[in-house]
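Welcome! Here are some exercises to work through with a pencil in hand. Try each task first, then follow the solution step by step.

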Amino acid sequence: MLSRLSMVSSVQARGLSALAAAVLRPGTPVAPPVKPVQIRGRPFLPDGANPRFPEFMASAREEFPKVFSAQGDLSIPEWGGVTRELMDEYLHQYGVILLRGLPLQGSADFGLFMKAVGWRLKDKTAYLRAIQARSMTSTVVNDAVRTASDDHRNYTIEPHNEFHTVGCPRYITLYCETPAEEGGEWPTGDSRAILAQLDPEVVAKFERLGARYTVFYEHKDNAFYNCWQGNVAPTKEACEKYLKALNYEFKWHEDGALSYWQNFPAIRVHPKTGERVWFNQIHAHHETFYKGAHPLFVDKPAEFDRYPVHTTYGDGTPMEREVLDHIREVIWKNCVAVPTQAGDVIVYDNWLAKHGRMGSFGDGPARKVYVSVGFD
């Protein structure tokens, strides 16, 4: 049986052009962080006090993420073209690829690069509107790029897949313009290993019932975080048109707030490899993503029930606490820390790998990271 390395070599010989093979070469594996990346007990990390979490995140493995080094004098559109070749051949094997050495000098260059990669950058309901409907805060930069997150720098965005509010894209690409002074690593999760290590009974129950995802937005007059006018659409009529097109059920509250929900499967079949994948946002859409963790929600009283997101089983019954703990434990145990460098571009097969952001600290310049999503 061929090893992964020999399989990759044979694919390269068959699939990459001479130019792509010459200018995108296997690079040095990701080095361990300068200091261990704390998980358990970390401030502003969802459920961070959970004793089941590992104390520190594992370092990157030799081929997770797989690193390629850009070596050559190409234009940004040309770099996009050879990168597309590389992703078509390798991404479904490694799950995550880190590119270092690309000549990108800001979000405008990143947008030009992503257009040249050639993935469809809009889903059928328009990418900019769809990704804007996710619960977190981010800003449109250009027609291919958004800020990855505008949420408080100390907050850790736990590893997750981009999911229903974004149209379930295949590809997530992050570009680091300015790394954090301290922290801000990319926690990168191996979804294949996660599914293999989850309790089969937990997986079977979610396969049977699915998961119900509920999103809640305040009216702009009452909002201290996001509002539906800013994240979905400016009018009730436009919101309802959007939600009906995507088959959501919804409810308007007496104070003008909006709730909407839909059931989605926890397991899907990868469109290229045919393997079963744990592709969902069950843990990172639970109210504890914010409750007791996010700086704007950390001091809310116990009776507060207006969190931006929540998940239950598909029949509406609450998820058992031990199930949520188990899912998060397995995810963190199968994540590696990727310290960011200026100019880094990391590409995730969104169905095979999870991405996130560790909280950052220090008084230096804010971390600047941009995101672009891609569809088949």
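**Exercise 1: The surroundings of T188**

Leaving out residues up to four places away in sequence, T188 touches F64, V96, N334, C335, V336, V338, I346, Y348 and K354, where contact means heavy atoms within 4.5 Å. Before going on, please note that this is a predicted model, in which local features need pLDDT of at least 70 and side-chain atom pairs count only at pLDDT 80 or more, while totals for chains, interfaces and linings use all residues. Residues are numbered from 1 along each chain as its sequence is written, and side-chain values use heavy atoms, with hydrogens and water left out.

Task: find the strand that holds T188, and decide whether T188 is buried or exposed.

Solution. 
- Step 1: T188 sits in strand 10, residues 186-190; helices (H or I, at least four residues) and strands (E, at least two) are DSSP runs, numbered from the N terminus.
- Step 2: T188 has a relative accessibility of 0%, so it counts as buried. The classes are buried under 20% relative accessible area, exposed over 50% and partly exposed in between, with a 1.4 Å probe and protein chains only.

**Exercise 2: A bent helix**

Task: say where the kink in helix 3 is centred, and describe the residue found there.

Solution. 
- Step 1: Helix 3 covers residues 76-94 and has a kink of about 40 degrees centred on D88. The bend at a residue is the angle between axes fitted to the seven residues ending there and the seven starting there.
- Step 2: D88 is partly exposed, because its relative accessible area is 31%.
- Step 3: Not counting residues up to four places away in sequence, D88 touches W119 and K272.
- Step 4: Among the buried residues of helix 3 are W79, V82, T83, L86 and Y90. An α-helix has 3.6 residues a turn, so residues three or four places apart point the same way.
- Step 5: After helix 3 comes G95, with a positive phi near 85 degrees.

**Exercise 3: The whole chain**

Task: how many helices and strands does the chain have, and why does it count as compact?

Solution. 
- Step 1: There are ten helices and 21 strands.
- Step 2: The radius of gyration is 20 Å, close to the 21 Å that the globule rule gives for 376 residues, so the chain is as compact as a globular protein of that length. This radius is taken over C-alpha atoms, and the rule is 2.2 Å times the number of residues to the power 0.38.
- Step 3: Buried residues make up 57% of the 376 residues.
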